[in-house]
Amino acid sequence: MSLGTAEDDSAQEIHIPADIDWQMLDKSKFFFLGAALFSGVSGTLYPIVVLKTRQQIAQSQLSCVKTAFSILRNEGFCGLYRGFGTSLMGTIPARALYMTALEVTKSNVGTVTIRLGFPEPTAAAIANAAAGLSAAMAAQLVWTPVDVVSQRLMVQGGTNSKVPTAYKYLGGIDAFRKILNVDGVRGLYRGFGISILTYAPSNAVWWASYSVAQRLVWGGIGSYCCKKDDGNGENGVNALRPDSKTIMAVQGVSAAMAGGVSALITMPLDTIKTRLQVLDGDENGRRVPTVGQTVRSLVKEGGWTACYRGLGPRWASMSMSATTMITTYEFLKRLSAKNQEGLMS
C-alpha cells in the first residue's frame with residue numbers, strides 16, 4: 001500500500017507493507033500464536049481492569065491510586081488478579097472468534113466496497129468498521145459469561161462495594177455453578193444486550209478511527225521518519241519507505257488515539273453493564289436491577305459523573321490495550337503469513 005502527499009511542486013509517496021488478508025494466513029499458526037501472544041497481553045493489563053471494575057461498583061468515589069493501595073493492603077498482590085484464570089480460559093476462544101470474524105468480514109466487505117467504486121481510504125474505513133462490529137458481536141457470545149464470572153470474582157473482597165456479602169465464590173467453576181443454579185443461563189448472559197450496545201459500536205468506531213488515524217499520522221508526521229529509497233521515483237516522485245520501527249510506532253500512536261476516543265464515548269454504557277453483571281438487586285428484594293434502576297442508582301450516588309467512574313483506568317486500559325493489541329496483532333499476521341518473502345517487497 002502506498003500513500004501520496006503533496007509538498008510544494010514535488011510529490012512524496014510513502015510505501016508501507018501491504019495489508020495481509022484472511023486468504024494469506026496460515027490459520028493453524030495464526031490461532032496458536034495468537035492464543036499465546038494475547039494471553040500475555042491480557043495478563044499484563046488485567047490489574048487495570050480490576051481497578052476499573054472496583055471503581056465502577058463502589059458506592060463512593062475513590063481515586064485509582066487509593067483503590068490500588070486498598071486492594072494491595074487488604075488482599076495482597078493476588079487481589080489484582082482475582083478472576084484472571086477464568087478470564088484467561090474464556091479469552092482464548094473469544095479471541096479466536098473475534099479474529100476470525102474480523103478478518104473474514106474485513107476481507108469480504110473490503111472487496112465489495114472496492115467493486116462498488118468507493119475510494120480506497122473510504123473502502124478501508126467501511127471495511128474496518130464492519131469488521132469491528134461483527135467481531136465484537138461474535139466474541140460477546142463467549143465474553144459475556146466470562147465477564148459475569150470474572151467480574152464477580154474481581155469485586156469479591158472489596159471494602160467499598162455494593163456486592164452482597166452473602167455471595168462468596170471459591171473460584172471460577174464455583175461462581176459459574178452458583179450463578180447457573182440461581183439464575184440459570186440468563187444469569188450468565190446478564191448484561192448481554194448492553195454489552196453488544198457497548199462493544200459493537202465501540203469496536204466499529206475504534207477500527208474505523210484506527211484506519212483514519214493511521215492515514216492522518218502518515219500524512220502529517222510519517223514522512224519525516226521515513227528512509228528515502230535510492231534516487232527519485234518516476235515523474236519526479238520521491239519514494240519513501242518506512243522501516244519496521246516507524247511502522248510499529250505509527251500503528252501504536254494511531255491505536256492509542258482510537259482507543260482513547262472509544263473509551264470516552266462508551267464509558268457510561270460500560271459502567272451500567274458492569275453494575276448489571278455484578279449486583280444482585282437490593283437487600284430486601286430478589287429482583288435483578290433493570291438498566292433504568294441502575295442508571296437512577298448511579299445518578300443518586302454521584303450525579304451523572306458517577307457514570308464515568310473508572311474512566312482513568314479504562315482510558316489507560318483501552319489505550320494501552322489498543323496499542324499492544326494492534327502491534328501484537330499486526331506482528332502475529334506477519335508471522336502467520338504463508339508467503340513471508342512476498343511481504344518484504
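Modeller: A crossing of two helices is left-handed if the near helix is turned anticlockwise from the far one by less than a right angle, and right-handed if clockwise. The crossing of α7 and α10 is right-handed in this structure. This is a predicted model, in which local features need pLDDT of at least 70 and side-chain atom pairs count only at pLDDT 80 or more, while totals for chains, interfaces and linings use all residues. Residues are numbered from 1 along each chain as its sequence is written, and side-chain values use heavy atoms, with hydrogens and water left out.

Biologist: How many helices and strands has the chain?

Modeller: There are 10 helices and 4 strands, taken as DSSP runs numbered from the N terminus (H or I, at least four residues, for helices; E, at least two, for strands). Read from the N terminus, the order of elements is β-β-α-α-α-α-α-α-α-β-β-α-α-α.

Biologist: At what angle do α7 and α10 pack, and how far apart are their axes?

Modeller: Two packed helices are described by the angle between their axes and the distance between the axes. For α7 and α10 the angle is about 60°, with the axes 13 Å apart, which makes α7 oblique to α10. Angles under 35 degrees count as roughly parallel, over 145 as roughly antiparallel, 65 to 115 as roughly perpendicular and the rest as oblique.

Biologist: Which residues of α7 and α10 meet?

Modeller: From α7 come Thr198, Tyr199, Ser202, Trp206, Trp207 and Tyr210, and they meet Arg314, Met318, Ala322, Met325, Ile326, Tyr329 and Glu330 of α10, contact being heavy atoms within 4.5 Å. Leaving aside neighbours within four places in sequence, Trp206 is in contact with Ala322, Met325 and Ile326, and also with Ala255, Ala258, Gly259 and Ser262.

Biologist: Which residues of the largest nonpolar core touch the most other members?

Modeller: A nonpolar core joins buried (under 20% relative accessible area, 1.4 Å probe, protein chains only) Ala, Val, Leu, Ile, Met, Phe, Trp, Tyr and Cys residues through side-chain atoms within 4.5 Å. Among the 26 residues of the largest one, Phe30, Tyr98, Leu102, Trp206, Trp207, Tyr210 and Tyr329 touch the most other members. Two or more residues of this core come from each of α1, α3 (84-115), α4 (120-155), α7 (192-220), α8 (244-278) and α10. A second, separate core has 8 residues, including Leu51, Ala68, Leu80 and Met154.

Biologist: How do the axes of helix α1 and helix α10 cross?

Modeller: The axes of α1 (residues 27-57) and α10 (residues 311-336) come within 10 Å and cross at roughly 175°, which makes α1 roughly antiparallel to α10.

Notes. Axes fitted to C-alpha atoms, helices over the stretch in contact; angles between N-to-C directions. Buried < 20%, exposed > 50% of the residue type's maximum accessible area, 1.4 Å probe, protein only.
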